[in-house]
Every structure is written in structure tokens, then in C-alpha cells.
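Let us walk through this structure together.

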Amino acid sequence: MMTIKTKIILLVSLVVGLLFTGFGVFIYHQVHNANLDKIDARLVSLSQQMRDELDEQIEKKRFPDNADLKRLLSENLSKSCMRLYDSSGSIVYADSMFRSETNTLEPKTVGAKPIVQTVKLHGHHYRSLIRTVEIEDNPRWLLQIAAPLSEVEANLNQLRILLWTTIPIALLLSAFLVNLIVRRAFRPLSAMIETANRVSASTLHERLMLPKGRDEVVLLGIALNRMVERLEAAFKSQKQFIVDASHELRTPLTIVQSELEFANRSLLPDAAKQSISIALDELDHLRKLANDLLMLVKLEVAGQVVECSAVRVDELITDCVQKISRIASEKQVALHLEIAEAVEMVGDEDKLRSAFMNVLENALKYTQGGGSVSVRLTTQKGSVVIALQDNGIGISPTDLPHIFKPFYRSAASRAQNAGSGLGLSIAQRIVELHGGTITVQSDGASGSTFTIQLPMARTES
Ligand code: ADP
């Protein structure tokens with residue numbers, strides 16, 4: 001893909017190239033014509049002198065005096081030559097240069113005005129002037145004087161070389177300068193692209209750095225910053241709405257739950273009690289959903305971990321495993337805990353507990369009786385690695401890329417009616433806020449392994 005920068009440089013180079021070439025051609029022609037005009041003027045003046053000389057020779061009865069004619073020629077125009085035709089067209093006098101030239105001139109074709117043209121003599125270019133002269137009362141004699149163009153051609157050659165070397169140099173120089181200018185003008189744009197690429201839902205507080213001034217680039221930057229500002233405000237109000245809604249839901253849900261529990265304890269027919277139990281289960285599910293939603297939105301809003309303290313990860317994991325051990329034994333799922341060493345890290349203990357519990361509860365939830373869940377804590381290059389492995393139902397390859405998305409639940413999970421689909425999203429967000437990662441491996445049939453990696457600080461225990 002051709003960038004705007006490259007396009008501008010190419011376009012300017014093309015325009016500059018055309019301008020310079022046009023200018024060069026114009027200069028060349030001007031110099032060429034000026035040189036010819038100069039020679040022509042000298043030829044005209046020499047022909048005048050020559051006519052006067054011929055007049056004088058005729059008057060003094062020494063016509064044609066070849067030596068005098070030669071002297072006059074060489075004194076006025078070096079290396080020039082001449083020839084003289086009588087009215088019948090026969091050559092009366094010719095220089096050595098002209099002598100072997102065969103072409104004869106037709107006196108009738110030459111009018112009152114001299115004919116000046118470029119001719120070739122012995123393979124070289126000459127500027128030639130032909131005019132009529134009056135000799136012994138006959139006005140139709142012809143005088144031809146020719147001057148070599150070798151000097152003019154040498155000068156023009158030099159000019160041509162000069163132009164052909166300066167045009168590419170000027171072209172390169174202009175491309176270099178345009179490149180400098182364009183790069184300077186586009187520098188803020190490159191920085192803006194970089195920031196714009198960085199801005200995502202979680203980094204909407206970032207703004208484009210703008211240079212001083214009010215050119216189009218700065219105005220574009222200002223417009224983009226305003227757009228991100230509006231987006232941020234919309235995002236915040238949307239999240240605040242979810243926070244408020246889930247918060248508002250919690251109180252009535254708690255009241256309904258306690259009322260139902262109270263009713264369930266009273267003397268009601270068994271059928272009514274069964275209905276109340278089902279309603280209580282659903283209510284529990286609804287309360288968990290509201291709590292998870294509230295937590296996830298709060299985590300989304302948080303740019304970083306707020307409550308930071310030293311956390312003993314080994315103790316926290318042991319605690320979590322103990323918490324689920326009763327349900328595990330009820331479900332007849334074996335629990336194994338393996339801790340390689342005591343590990344401390346800086347973080348938010350409650351949030352880390354939620355993250356571990358979510359993954360651990362899932363392992364238990366999706367493992368049938370007779371299965372096992374094992375938790376291993378190890379350290380690796382400045383990180384604490386917690387691997388939670390189960391031999392439960394596993395995660396199919398179609399579900400695997402989606403399980404960390406909010407509200408995503410596999411068909412198996414929906415069939416069990418277990419969970420809200422927010423547990424893993426919450427766990428992932430918490431781990432990421434601590435600068436860690438959470439990954440999953442599953443062959444889709446014989447269990448899954450979740451690996452949480454967190455940056456750590458080691459204790460001296
Ligand atoms: P849920 O409340 O449905 O468990 P989660 O966000 O915790 O929601 O998990 C998302 C989905 O990932 C689950 O619906 C389930 O399909 C799958 N999943 C998570 N953990 C496991 C596991 N240990 N074994 C099999 N499937 C799992």
C-alpha cells in the first residue's frame with residue numbers, strides 16, 4: 001500500500017521534474033537562438049564590409065584581390081570562408097573550404113534580403129549568408145560567406161551536459177526536502193495513529209497528544225479527542241446504569257428471599273413448599289447474577305487494582321480448596337492440593353479469592369462424582385503459576401475460544417442450569433488487573449486445565 005507521504009513525494013518530484021525539464025528546454029533554445037543571432041549579425045556586417053571592399057577593388061581596378069578578401073575575412077570572423085558567383089552562376093572566387101563544394105547557387109532565388117541558413121561543409125555545420133552584390137554595373141552577382149558553428153555547438157553541448165546533470169540533482173534535492181517537510185508535517189499524525197490504536201474500551205481515558213498550532217492535523221486530533229471524550233462519557237453512564245440496576249435489584253431480592261424462607265418454614269402443604277423451594281433456587285441464581293454483574297462492571301470500570309496489600313498466595317489457595325472440600329466430598333470428587341513453596345504477591349486479596357473460587361467452583365461443578373480436581377501451585381521466572389486440573393466433562397473446541405466472554409455458557413452448562421456465564425469473565429479481569437494471564441487447555445472430553453499466572457514477590461518464610 002502506498003502511503004500519502006510517498007504519494008506526495010512522488011507527485012512533487014513529478015511536477016518539479018516536468019518544470020525543470022521545461023525550463024531546461026526553454027533555456028537551451030534561448031541560448032541556441034541568441035548564439036545564432038550573434039553570428040548572423042556578424043555575417044551581415046561582414047557581408048557589408050565585403051561589398052564595400054569589392055566596390056573599392058573594382059574602382060581601383062584590382063578586382064578580384066584574393067589576398068585582401070582573405071585578410072578581411074580572417075580579421076572579422078575567424079575560420080570563415082567565402083565565395084563569389086558572377087551573374088551567370090560561375091564561381092569567380094572561392095576559399096579553400098568552398099572550393100571542393102559542388103553546390104552552386106541559383107542567382108534568381110536570392111532576393112533583396114540576404115538568405116541566412118545553417119549548412120553542412122565537409123561534415124561540419126556552418127552558418128551561411130548569401131546576398132546579391134553589384135559588380136561592374138551588374139547587380140546579380142552573389143556573395144556567400146560562411147562561419148563555422150563549432151564554437152556555438154561546443155557551448156551548447158556544455159549547456160546540455162549542465163542541464164542533464166543539474167535536473168536529476170535538483171530532482172533528488174527536491175525529493176529530499178519534500179520528504180523532510182512531509183515527515184515533519186506528518187509526525188503528529190503518526191503519534192495520533194499510535195495512540196488511537198492503543199485506545200480501547202478499557203483505555204478510553206487516553207487522549208491524543210497534539211502539537212501546538214491549529215492546522216488540519218491538530219483540528220482532526222481535537223475532533224478525535226472530543227469523540228473519545230463523548231464515548232468515554234457514554235461508556236461510563238452505561239456502566240453506571242448497570243451498577244445502579246444490579247445494586248437496586250439486590251435489596252428486593254434479599255427481601256423476597258427472606259420472605260420465602262419464612263413462608264417455607266410455616267405450615268404449608270408439601271406442594272406449596274416444593275414450589276417455594278424451586279423459587280428460592282431461582283432467586284439464589286438471580287442474586288448471584290446481580291452480584292456477578294455488579295462485580296464485573298466495577299472491574300471493567302477499574303483501570304487498576306485499588307486495594308493493594310501483600311497476599312500469601314499459598315495460604316489463599318489452601319483456604320479456597322478448604323472452602324469447597326465439603327461440597328467436593330458430598331459430590332464424591334477427590335480434591336488434591338500441591339503447593340511447591342510459600343509465595344507472596346502484591347494484590348487485592350478479596351478479588352484474587354473471587355478469581356480462584358470461580359475457577360475452582362467450575363472445576364467441581366463440571367466434574368462428575370468419582371472424578372478428581374487437583375490444584376498445583378508452583379513458581380516460574382518471577383511468576384506464581386496455579387494450575388487447576390479436573391477430569392470432568394471438558395470443553396469442546398467450539399466453546400473453547402468463547403468461555404471467557406461475559407454470559408457465554410456451553411450447551412452442557414445450560415442443560416445443568418448452572419451458573420451465570422460471568423464467572424470466568426470476572427476471573428480473567430481480576431487476573432489481568434494484577435498483570436497476569438489465565439489460559440485454558442482441554443481436549444473436549446477428558447477434563448480441562450486452567451492455568452493462572454501472576455507476577456509475585458517471594459517471602460522469606
Ligand atoms: P458458568 O457460570 O456458566 O460456569 P463461567 O463463566 O464460569 O460461567 O464459565 C463459562 C463456561 O465455560 C461454562 O458455561 C462452561 O461451559 C465452561 N467451563 C468453565 N469451566 C469449566 C470446566 N472446568 N469444565 C468444563 N467446562 C467449563
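A nitrogen atom of the ligand is 2.9 Å from an N or O atom in the side chain of Asp390. That is a polar contact, a pair of N or O atoms within 3.5 Å. This is a predicted model: local features need pLDDT of at least 70, side-chain atom pairs count only at pLDDT 80 or more, and totals for chains, interfaces and linings use all residues. Residues are numbered from 1 along each chain as its sequence is written, and side-chain values use heavy atoms, with hydrogens and water left out.

Ser410 places a polar side-chain atom 2.6 Å from a ligand oxygen. Gly421 uses its backbone: an N or O atom there lies 3.0 Å from an oxygen of the ligand. On its own, the ligand has 520 Å² of accessible area (Shrake-Rupley method, 1.4 Å probe). The protein covers 98% of that area.

Which elements give two or more residues to the shell? They are helix 8 (349-365), helix 10 (423-433) and strand 12 (448-455). Helices (H or I, at least four residues) and strands (E, at least two) are DSSP runs, numbered from the N terminus. Helix 8 gives the largest share, three residues.

Now turn to the surface. Leu173 sits in helix 4 (residues 150-198). Is Leu173 buried or exposed? Leu173 counts as exposed because its relative accessibility is 52%, and exposed means over 50% (1.4 Å probe, protein chains only).

How values were computed: Buried means under 20% relative accessible area, exposed over 50%, partly exposed in between (1.4 Å probe, protein chains only). A polar contact is a pair of N or O atoms within 3.5 Å; within protein, one must be able to donate a hydrogen and the other to accept it, and residues adjacent in sequence count only if both atoms are side-chain atoms.
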